[in-house]
Amino acid sequence: MPLIAYLTLAALVFAIGLFGVLTRRNAVGILLGIELMLNAVNINLVAFARFHADLAGMIFTLFTIAITVAEVAVGLAIVIVIFRVRRTVEADHLDLLRG
Amino acid sequence: MTAETVAFAGVAVVLLASSLAVVLTPNLFHAVLALALALVATGAVFLLLDAPFLFGVQLLLYAGGVVTIVVFAIMLTERLVGESIRQTSRYIVNGALLSAAVFVGVASFLVQAPAGGPRPAWPGDLTVALGRALVGAYAVPLELLAVLLVLALLGALYFARSEG
């Protein structure tokens, strides 16, 4: 398959993830959308690395994956704290900072 | 059609269908299961790109680790209070329009781009090359990553600790 096939697939997954981030009300659901978007970026990185025979893209993918895991751990910890304080994880109800 | 084309088409269909399920299914728990499938399908894309090591990392960290953490978070925030884990969406039309616009924008770049040639042959074993690069040219970023992971876990523990 040519490079453009992988890039198109990644763009589709990215758009789907963006849709999830924009439309989900639940904070955990929003995080799932972010995961999809990060995955699409990883596909791009690996595809470019493979088609240019350059190792750097794959190394970068390893780093992205590890950093994403850290991000999810901290993000979900924040969600749990918010749930303890406000008894909800609906993003619409978390308007404490609204002016 | 070559075997590679068939494999790519199959993986792409699974990946897109499970991604749509992640953002569309009303049951949050089902969304996480669909995410696990999407993550495995992404790993299969890495396999098609001759990166079996990344496939393993994807399975271990994403499909294993992230999904487990998310399931725990759902149990802690939804089940304990007896609420249903159904969720609703809002701004569906606006979200679909914006997502489609982003995709069209990216795709318009893609169709203008010069068609690259076939993938070049990779010299030697990719996993060996990755391992050597990680402890060679990329040793410092790797150590920084270890520090970041420790800090993130400490931070998560700090947030989630029980009071008193």
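A compact globule of 164 residues would have a radius of gyration near 15 Å, whereas chain B of this predicted model has 20 Å. Along the principal axes, the C-alpha atoms of chain B occupy a box of roughly 55 × 45 × 30 Å. Of the 164 residues in this chain, 32% count as buried.

The architecture of chain B may be considered next. The chain contains 6 helices and 0 strands, and its pattern along the sequence reads α-α-α-α-α-α. Some contacts in chain B link residues at least 6 apart in sequence, and 55% of these join residues at least 24 apart.

The account now turns to the interface with chain A. The contact draws 75 residues from chain B and 64 residues from chain A. On the side of chain B, the residues that lose the most area to chain A are Tyr62(B), Arg90(B) and Trp122(B), which together account for 11% of what that side buries. The size of an interface is often given as the accessible area lost when the parts come together. Between chain B and chain A, the buried area is about 6700 Å², and carbon and sulfur atoms give 77% of this area.

The rule finds 1 salt bridge across the interface of chain B and chain A. In a salt bridge, the side chains of Arg50(A) and Asp50(B) meet at 2.7 Å, N to O. The elements of chain B that give two or more residues to the side touching chain A are α1 (3-24), α2 (28-48), α3 (52-77), α4 (92-112), α5 (126-135) and α6 (139-160). The largest share of that side, 13 residues, is provided by α3(B). By type, the residues of the side of chain B that touches chain A comprise 57 nonpolar, 12 polar and 6 charged.

Thr68(A) lies in helix α3 (residues 56-86) of chain A. Is Thr68(A) buried or exposed? Its relative accessibility is 3%, and because buried means under 20%, Thr68(A) counts as buried. The side chain of Thr68(A) reaches the backbone oxygen of Thr64(A) at 2.5 Å. Apart from neighbours within four places in sequence, Thr68(A) is in contact with Glu35(A), Leu38(A) and Tyr62(B).

Conventions
Residues are numbered from 1 along each chain as its sequence is written. Chains are lettered from A and ligands numbered from 1 in the order in which they are written. This is a predicted model: local features need pLDDT of at least 70, side-chain atom pairs count only at pLDDT 80 or more; totals for chains, interfaces and linings use all residues. Side-chain values use heavy atoms; hydrogens and water are left out. Contact means heavy atoms within 4.5 Å. Buried area is the accessible area (1.4 Å probe) that two parts lose on being put together, summed over both. A salt bridge is a side-chain nitrogen of Lys or Arg within 4 Å of a carboxyl oxygen of Asp or Glu. Helices (H or I, at least four residues) and strands (E, at least two) are DSSP runs, numbered from the N terminus. Ala, Val, Leu, Ile, Met, Phe, Trp, Tyr, Cys and Pro count as nonpolar, Asp, Glu, Lys and Arg as charged, and the others, Gly among them, as polar. The radius of gyration is taken over C-alpha atoms; the globule rule is 2.2 Å times the number of residues to the power 0.38. Buried means under 20% relative accessible area, exposed over 50%, partly exposed in between (1.4 Å probe, protein chains only). A polar contact is a pair of N or O atoms within 3.5 Å; within protein, one must be able to donate a hydrogen and the other to accept it, and residues adjacent in sequence count only if both atoms are side-chain atoms.
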